[in-house]
Amino acid sequence: MTPSRFAQAIQSPSAQVRPAGRHALLVELPDAERTAAFHAELLRRRAAGTLPPVEDIVPGARTVLLDGVARPEELARRIAGWDVPPRTADEGAAVEIPVRYDGPDLARVAALWGVRAEEVAARHSSYPYRVAFCGFAPGFGYLTGLPPELHVPRRDTPRTRVPAGALALAGPYSAVYPRATPGGWQLIGTMPDPTPLWDLGKEEPALLTPGTRVRFVAEGGTP
Amino acid sequence: MTAKLTVVRSGALTTVQDRGRPGHAHLGVPRSGALDAPAMALANRLLGNPPDAAVLETTLTGCALRPDRTVTVVVGGASCPVTVDGRPAAWGGPVRVPAGAVLGVGGVTAGVRSYVAVAGGIAVEPVLGSRSTDLLSGLGPAPLRDGDVLPLGPPAPRPALPAAAPWPAPPAELTLPLRPGPRTEWFTPAALRTLASATYRVSQHSNRIGLRTEGPSLERVRTGELPSEGMVLGAVQVPPDGRPVVFLHDHPTTGGYPVIGVVPEPALAAAAQAAAGTPIRFTLG
């Protein structure tokens, strides 16, 4: 390995910038909140034209991947010197997702939360959510917002088919399945019409893009 | 009227591919695109097609196609017998297929994936700027089936052809340069030495998502799950069984297994043509 090349992580007080091949770097942040702030800062700088061209900006749980970068080492050094402000209060309207809280794992989740099944809807829909990142399938957003005491484990045995529109929980995340796939998350509800989650007829096909604020709106009482 | 191509025999797995749809990874959309990108580019160039023209990518067993107009095609990538109505025709250079005749693309004699480019390109409707079939997320046209009919684009004026097209032979041994990171420290120092010195082999379970390997297991120093993070093309991800997987074009956009290093994109074309059992050497650098 030649020492002049970007081969080792660059440490800054707020982030660790790691090499990820010849044309990418992976910025690791201390927690989800600072990951969101760093992602927002990248989008701001890209919109302002002060970020060199980056093909893909891909947030993860504690990281943001910058892929398709001409000179990753140079950008890594610049990023290490950034002073990223904390995320400001959320602006604009949240995307509202109507949900029937009628999933097959509702009783199990209620038991884990120590509440009655009828109370899951009110609890889950009372928190504001945010798309931390996407993955798994096009338009599948990992939503944070549940307080730690309501985090639940995945199912021991994944389902071979989770229907499109299923509202599901796993770890710190809530998600709505844009289409039917296998899945191991706990299903607590249903978005009656999931087509807006991934609509190729729209210029922006994903409803839930990273950074988007989300509110769940409980529909029609309890089952 | 648009010229059309009827699929007479779809083969084991034949898909429409172009240069893919990068730029949508943040929505969970894989890049997709031809695995042997230089082979696709050369086939298109020989026909005067633009570089983003869509082609067909076959897998081991070829395919058979019947145009309803006289068309010019190039079959390249993995070498294979090429026929027109049963008569031998050229591999690796332009072939004229009369209207109604059957172009036979035979099983590979070396390599894995042959590319069938048609003058004018395969003109299926693009999705997010690409006509590629993405086998992970199901975007783009489904893998071809017998009887499918594909629209063709208008051919370019006949180009000046190079005298000899430089098709590389598939690798007898696959050498994959590896740049360590971003999660090398999840592994023991011995694991990196093992990766750089042991011989791995291409697993028969490889596909468009990843080149799976058989060989010594890479030992981790850190256990537990890695919080999901973005994955690049060529990432060498190490799942719990310790056997490295080299991510190819239909790879997931995020993943939870550590990436010990990344193979640069130019080296992946050879990986796409390495048959099951081919020895692999990873070289650090």
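**Exercise 1: The largest pocket**

By class, 20 nonpolar, nine polar and four charged residues make up the lining of the largest pocket. In this classification Ala, Val, Leu, Ile, Met, Phe, Trp, Tyr, Cys and Pro are nonpolar, Asp, Glu, Lys and Arg are charged, and the others, Gly among them, are polar. The model is predicted: local features need pLDDT of at least 70 and side-chain atom pairs count only at pLDDT 80 or more, whereas totals for chains, interfaces and linings use all residues. Residues are numbered from 1 along each chain as its sequence is written, chains are lettered from A and ligands numbered from 1 in the order in which they are written, and side-chain values use heavy atoms, with hydrogens and water left out.

*Task.* State the volume of the largest pocket and identify the residues closest to its centre.

*Solution.* 
Step 1. A pocket is defined on a 1 Å grid over the protein atoms alone, as an open set of points with protein on both sides within 12 Å along at least five of seven lines; lining residues have an atom within 4 Å of a point. Grid points are joined across faces, edges and corners, and a volume is the space filled by probe spheres set on the points.
Step 2. The volume of the largest pocket is about 1100 Å³. Of its 33 lining residues, A:Tyr142, A:Arg154, B:Ser228, B:Gly255 and B:Gly256 are the closest to the centre.
Step 3. At least two lining residues each come from S8 of chain A and from strand S17 (245-247) and strand S18 (254-255) of chain B. Strands are DSSP runs of E with at least two residues, helices are runs of H or I with at least four, and both are numbered from the N terminus.

**Exercise 2: The cavities**

*Solution.* 
Step 1. A cavity is a set of grid points where a 1.4 Å probe fits but cannot get out. The structure holds two of 30 Å³ or more.
Step 2. The largest cavity has a volume of about 110 Å³. It is lined by 17 residues, of which A:Asp56, A:Asp67, B:Ala25, B:Arg31 and B:His251 are the closest to its centre. This lining divides into nine nonpolar, four polar and four charged residues.
Step 3. The second largest cavity has a volume of about 50 Å³. Its lining consists of A:Ala20, A:Leu26, A:Leu65, B:Pro182, B:Glu229, B:Gly230, B:Met231, B:Val232, B:Ala235, B:Val259 and B:Val262.
Step 4. B:Pro182 lies in the loop between strand S12 (174-180) and helix H2 (189-197) of chain B.

**Exercise 3: The interface**

*Task.* Describe the contact between chain A and chain B, beginning with the residue counts.

*Solution.* 
Step 1. With contact taken as heavy atoms within 4.5 Å, 37 residues of chain A touch 34 residues of chain B.
Step 2. The two chains bury about 2700 Å² between them, 59% of it on carbon and sulfur atoms. Buried area is the accessible area (1.4 Å probe) that two parts lose on being put together, summed over both.
Step 3. Three salt bridges are counted between the chains; the criterion is a side-chain nitrogen of Lys or Arg within 4 Å of a carboxyl oxygen of Asp or Glu. One of them joins B:Arg31 to A:Asp67, with the closest N and O atoms 3.8 Å apart. Both residues are also among those closest to the centre of the largest cavity.

**Exercise 4: A link within chain A**

*Task.* Which parts of chain A does the pair A:Arg18 and A:Glu28 tie together?

*Solution.* 
Step 1. The side chains of A:Arg18 and A:Glu28 form a salt bridge, at 2.8 Å from N to O.
Step 2. A:Arg18 lies in strand S2 and A:Glu28 in strand S3 of chain A, so the pair ties together parts that are ten residues apart in sequence.
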